[in-house]
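Let's walk through this structure together, one neighbourhood at a time. Have your viewer ready and follow along.

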Amino acid sequence: NNSVDRLMSGIDMLFARKYIDDLSDNVKRGMKAKVEMGWMPGRAPLGYLNKHGRNNINTIIPDPARFKLLRKMWDLMLSGNCSVPQVLDIANNKWGFKTRKTRNMGGTPLSQSQLYKMFNDSFYYGQFSYNSELRNGKHKPMVTFEEYENVQQFIQSREKQKTEKQDRKSVV
């Protein structure tokens, strides 16, 4: 622990910090480039898969095992005859739906929160959020914007009915 050792240690730490900062900048630049090409960075949502392509350009494609089943869930919601819990029951118990299995998780029945997340995600009609901005994606949309809006209105009206019932119970 002499002054030269401390100096060399300090220099090593500065180079390590520089490496980390450069790596961070490169990752941000790569993510920004991917967004500008129309691809959402990160893991693809339920019903889609990340496909590793040429020239290190990763794309998002429909999951052949789950895309059609998720579209059927949207159709059930669009019919207006099923609530989210009812769609969940049909998917898990009648269709035997399971989430995508990854190394550490997945392969389980769909949860209600996952289903609400799907019905509220702009990705499914062709856009994605990046840095709090909606961007147009190049992936295949599962629903149209109009279908997405119809499901949003249906979910909000069901929530409003539930809240009104709870308010009436608290008055009595």
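**Starting from Met-73**

Select Met-73 and look beyond its neighbours within four places in sequence: Met-73 is in contact with Val-87, Ala-91, Trp-95, Phe-97, Leu-110, Leu-115, Met-118 and Phe-119. Keep in mind that this is a predicted model.

Two of those partners, Val-87 and Ala-91, lead us to a helix pair. Helix H2 (residues 67–79) packs with helix H3 (residues 84–94) at an angle of about 145 degrees, and their axes are 10 Å apart. The crossing of H2 and H3 is right-handed. On the H2 side, Met-73, Leu-76 and Met-77 make the contact, while H3 brings Val-84, Val-87, Ile-90 and Ala-91. Sorted by class, this contact has seven nonpolar residues, no polar ones and no charged ones.

In soluble globular proteins, nonpolar side chains tend to be buried together. Here the largest nonpolar core has 36 residues, and Met-73, Trp-74, Leu-115 and Phe-119 are those with the most contacts inside it. The elements giving two or more residues to this core are H2, H3, helix H4 (112–119), strand S3 (127–130) and helix H5 (145–171). H2 provides the largest share, six residues.

Next come the aromatic rings, of which the structure holds nine pairs. Since Tyr-48 lies in strand S1 (residues 48–52) and Phe-67 in helix H2, the pair ties together parts that are 19 residues apart in sequence. Both of these residues, Tyr-48 and Phe-67, are buried. Trp-74 and Tyr-124 form a tilted pair instead, 6.2 Å centre to centre with 45 degrees between the planes. Trp-74 sits in helix H2 and Tyr-124 in the loop between H4 and S3, so this pair ties together parts 50 residues apart in sequence. Trp-74 is buried, with a relative accessible area of 0%, and Tyr-124 also counts as buried, at 2%. Tyr-48, Phe-67, Trp-74 and Tyr-124 belong to one aromatic cluster that also includes Phe-119, Phe-123, Tyr-125, Phe-145 and Tyr-148.

Finally, let's visit the loop between S3 and strand S4 (133–136), where Asn-131 lies. Asn-131 is not a glycine, yet has a positive phi of about 55 degrees. Ser-132 lies in the loop between S3 and S4 too, and has a positive phi of about 65 degrees, again without being a glycine. Are these residues buried or exposed? Asn-131 counts as exposed because its relative accessibility is 60%, and Ser-132 counts as exposed at 76%.

Notes: Residues are numbered from 1 along each chain as its sequence is written. This is a predicted model: local features need pLDDT of at least 70, side-chain atom pairs count only at pLDDT 80 or more; totals for chains, interfaces and linings use all residues. Side-chain values use heavy atoms; hydrogens and water are left out. Axes are lines fitted to C-alpha atoms, for helices over the stretch in contact, and angles run from 0 to 180 degrees between N-to-C directions. Helices (H or I, at least four residues) and strands (E, at least two) are DSSP runs, numbered from the N terminus. A crossing is left-handed if the near helix is turned anticlockwise from the far one by less than a right angle, and right-handed if clockwise. Contact means heavy atoms within 4.5 Å. Ala, Val, Leu, Ile, Met, Phe, Trp, Tyr, Cys and Pro count as nonpolar, Asp, Glu, Lys and Arg as charged, and the others, Gly among them, as polar. A nonpolar core is a set of buried Ala, Val, Leu, Ile, Met, Phe, Trp, Tyr and Cys residues joined through side-chain atoms within 4.5 Å. Buried means under 20% relative accessible area, exposed over 50%, partly exposed in between (1.4 Å probe, protein chains only). Rings of Phe, Tyr and Trp (its six-membered ring) pair if their centres lie within 6.5 Å; planes under 30 degrees apart count as stacked, over 60 as edge-to-face and the rest as tilted.
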